[in-house]
Amino acid sequence: MLFWLILFFPLLGAFLNGLVLRKVSPTVSHILGTSALIAAFVCALLTYLQFLAGGGQAQVITGMEWIEAGTFKAPFNFILDRLSGLMLLIITGIGSLIHIYAGGYMHEEKATYRFFSYLNLFVFMMLLLVLGDNLLVMFIGWEGVGLCSYLLIGYWYEDDKNAAAGMKAFLVNRIGDIGFLLGIFLTFKYFHTVSFSELKQMILSAGAQLNGEQIEAIGWITLALFVGACGKSAQMPLYVWLPDAMAGPTPVSALIHAATMVTAGIYMMTRLNFLFYLAPTTQMIVASVGAVTALFAATIALVQYDIKKVLAYSTVSQLGYMVLGCGVGAYSAGVFHLFTHACFKALLFLGAGSVIVAMHHKQDMREMGGLRKYMPVTHLVMLIGVLAIIGFPGLSGFFSKDEILWRAWTGGDQYHIQWGLGALAAVCTSFYMVRLLMLTFYGKNRSDHHTQEHLHETSVVMWGPLVVLAILSAAVGYLNVPHIIHIPGLTNLLFEHYLDPVISIPPQVAEHWHHLHAEYPQSLEWAIMAVSVAGMAISSLLAISMYSNGFGRIANSLGSAFKGAHRVLTNKYYVDEFYDSYIVTPLRDMSQFLWKVVDVLIIDGIVNGVGQAFMLIGGLSSFRMSGSLHRHGMVMVVGIICMLTVLFF
Amino acid sequence: MVSINHYLVLATFMFLCGTLGVLFRRNLLLVLMSIELMLNSVNLVFVSGSRLLGNLDGQVMVFFIITVAACEAGVGLAMVIALFRRYGTVDTNFLRILRG
């Protein structure tokens with residue numbers, strides 16, 4: 001019962017806000033939307049505690065029948081296990097905080113009922129995505145969150161740019177969805193089920209030996225599903241929609257494009273980890289794509305001026321880490337980073353949102369600076385968020401990111417390149433995050449007089465959630481303290497083993513993944529950690545020295561010394577331009593051709609031509625139609641007489 | 001003695017009159033009346049056949065035909081009136097809108 005309420009409350013909130021209470025004041029729609037989520041969070045928490053008290057065994061909750069055709073069955077069943085339980089808490093918990101914050105952020109808006117309705121609907125769809133026990137229910141959620149993302153990116157749709165950004169997100173995600181759909185089809189074709197629990201049982205049961213065809217199919221299935229994950233989780237080469245998605249309101253960026261929706265790909269791969277373990281080639285591709293994305297996006301973030309753009313590329317980069325974690329087989333590390341990232345990236349986005357509100361919706365960091373004086377609370381929480389993301393020892397990012405890098409290094413020789421890319425990305429991360437902090441909060445204020453006059457700390461509705469998120473960002477890392485650091489009392493909390501019931505390496509490939517459970521010398525782990533911390537420290541110090549007072553001499557001279565590189569980075573490697581000229585334009589030209597030539601000229605030509613041909617032929621003989629009643633009657637009578645004559649004589 | 005043949009000849013004569021009327025009269029009203037004449041010649045054949053064979057089938061049929069003919073006349077006259085309103089004439093030489 002409690003379980004169903006988790007799903008029910010956000011849907012109810014969306015329904016009431018969107019369809020029933022459209023004329024109420026923004027405050028009412030805010031309270032309604034937020035209380036729906038808080039209620040869902042309470043239910044989720046109680047359900048989760050109940051679930052843990054019950055032993056933490058995965059359970060399938062039977063819903064209604066949905067599709068049944070022959071052997072194909074896809075009922076609305078839900079799965080509650082440690083993974084989906086954790087996701088439940090992240091989505092409803094962080095979602096609640098962001099909803100509270102959104103009330104402050106959006107209080108000048110008129111049509112907030114629309115905003116909160118979409119936001120609640122998003123949470124419902126996201127819950128459907130993580131709770132569904134089969135690929136098809138997950139796909140509903142998958143598409144549903146995509147729809148809500150589209151609607152919310154284009155929330156200020158009067159501006160064409162925002163609408164275009166929403167469309168871009170939607171279209172790029174379609175490419176990924178094709179992969180996801182193909183994965184579903186192939187799964188059913190070769191395993192005759194799309195249910196996660198049945199699939200897992202089938203793959204893992206010792207009796208069922210998979211035949212060669214199925215093993216080969218798994219390679220393609222996982223690859224197709226990974227294409228889907230690439231779309232949703234903004235990996236190369238489909239990441240281009242996420243930076244543009246920042247056109248939406250900042251709470252949306254925090255909830256959808258940082259904390260929850262974009263992690264759906266990682267969640268899906270973790271859910272199907274037993275399949276991915278069976279496909280080492282796919283895993284290799286996954287790890288490589290993740291590592292390359294992590295570095296690629298991090299380098300772009302180095303030179304961006306828009307505060308939200310920096311965070312957007314940072315999100316892409318962090319998602320790359322998670323994907324890298326999945327790729328090297330360390331799913332729990334990936335999910336752990338998902339968890340910590342949800343906390344600190346939501347914090348960073350919301351903090352940036354506060355700054356944007358204080359700056360009267362200016363997002364350019366060149367106009368900021370010195371905000372520490374005006375916004376002490378925001379400065380403090382942003383500082384914690386930045387320290388968390390750059391992996392400052394003791395904060396959450398340190399534990400989760402290092403875990404992934406450690407797993408990448410120990411994954412064997414073939415993963416050392418990925419480790420190198422990841423470590424380099426970590427160096428870039430600390431540079432651009434410290435740069436963001438410095439440009440925004442330190443130095444002299446560079447905004448114009450009018451803006452400067454109105455700079456002030458935001459209301460408690462906005463900084464309250466930030467404080468909670470800051471505490472989370474600082475604390476959640478201690479759920480997974482590495483072996484080598486002994487903290488009394490925390491050894492049992494190891495997140496690494498939390499997901500053990502969910503993550504299962506099939507016996508056939510146990511040998512291939514043995515390194516995940518192997519013992520390594522402590523010195524190696526210390527060394528890897530030292531490399532990360534040293535890189536972080538050096539690049540942070542560099543960023544501090546370069547940007548402690550706006551764009552210092554070093555920053556400018558570096559910029560002009562590496563003009564070419566700087567320009568390439570500022571223009572995001574020209575990827576958008578590349579896509580535009582080699583994919584979008586040819587596609588549009590082809591569509592124009594199909595429309596103007598194939599459709600209008602050929603198909604319409606044939607259809608109209610047939611009609612015109614009949615008209616022409618008819619015209620040739622129509623001179624016989626005099627329209628004279630008498631002549632027609634005469635012909636008829638003569639004809640009848642002739643027929644009768646023939647008949648009787 | 002009036003035999004069946006007399007009736008049939010009379011009916012044929014009426015039918016031909018009607019046909020010629022349909023074919024050669026230019027006034028639509030007269031064309032309609034000629035059609036009535038043709039119908040009635042058929043009725044005459046039915047009635048005389050009925051008499052010859054000694055049952056009532058033909059006479060029953062005639063009742064139906066008279067009923068239908070009444071309807072047909074009503075519809076036909078309405079159409080003629082409509083045509084007159086539309087074109088101001090019922091002369092078939094001027095009503096040639098179906099010319100190809």
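Me: What should I know about the model and its numbering?
Reply: Residues are numbered from 1 along each chain as its sequence is written, while chains are lettered from A and ligands numbered from 1 in the order in which they are written. The model is predicted, and local features need pLDDT of at least 70, side-chain atom pairs count only at pLDDT 80 or more, and totals for chains, interfaces and linings use all residues.

Me: How do you know which domains chain A is divided into?
Reply: The bounds come from an automatic or database domain assignment, and they give domain 1 (1-210 + 230-266), domain 2 (279-570) and domain 3 (577-648).

Me: What makes up the contact between domain 1 of chain A and domain 2 of chain A?
Reply: Two residues are in contact if their C-beta atoms, placed from the backbone, lie within 7 Å, and the contact takes 38 residues from domain 1 of chain A and 46 residues from domain 2 of chain A. On the side of domain 1 of chain A that touches domain 2 of chain A, α3(A) gives the most, with twelve residues; a helix here is a DSSP run (H or I) of at least four residues, numbered from the N terminus.

Me: How do you know which residues of α1(B) are buried?
Reply: A residue is buried if 20 or more other C-beta atoms lie within 10 Å of its own, exposed if 12 or fewer, and partly exposed in between, with C-beta atoms placed from the backbone; in α1(B) the buried residues are B:A11, B:G18, B:T19 and B:V22.

Me: Why are the buried residues of α1(B) said to line one face of the helix?
Reply: The arc is that of the directions from the helix axis to the C-beta atoms, and, seen down the axis of α1(B), the buried residues fall within an arc of 100°, so they line one face. The face turned away from this buried side carries the exposed residues B:N5, B:H6, B:V9 and B:F13. The buried residues of α1(B) pack against α27 (629-648) of chain A together with α2 (28-53) of chain B.

Me: What makes a set of residues a nonpolar core?
Reply: Such a core is a set of buried Ala, Val, Leu, Ile, Met, Phe, Trp, Tyr and Cys residues joined through C-beta atoms within 7 Å. The largest has 206 residues, of which A:F122, A:M126, A:L127, A:A346 and A:L347 touch the most other members. Helix α15 (residues 331-358) of chain A supplies the largest share of this core, 17 residues.

Terms used
Helices (H or I, at least four residues) and strands (E, at least two) are DSSP runs, numbered from the N terminus.
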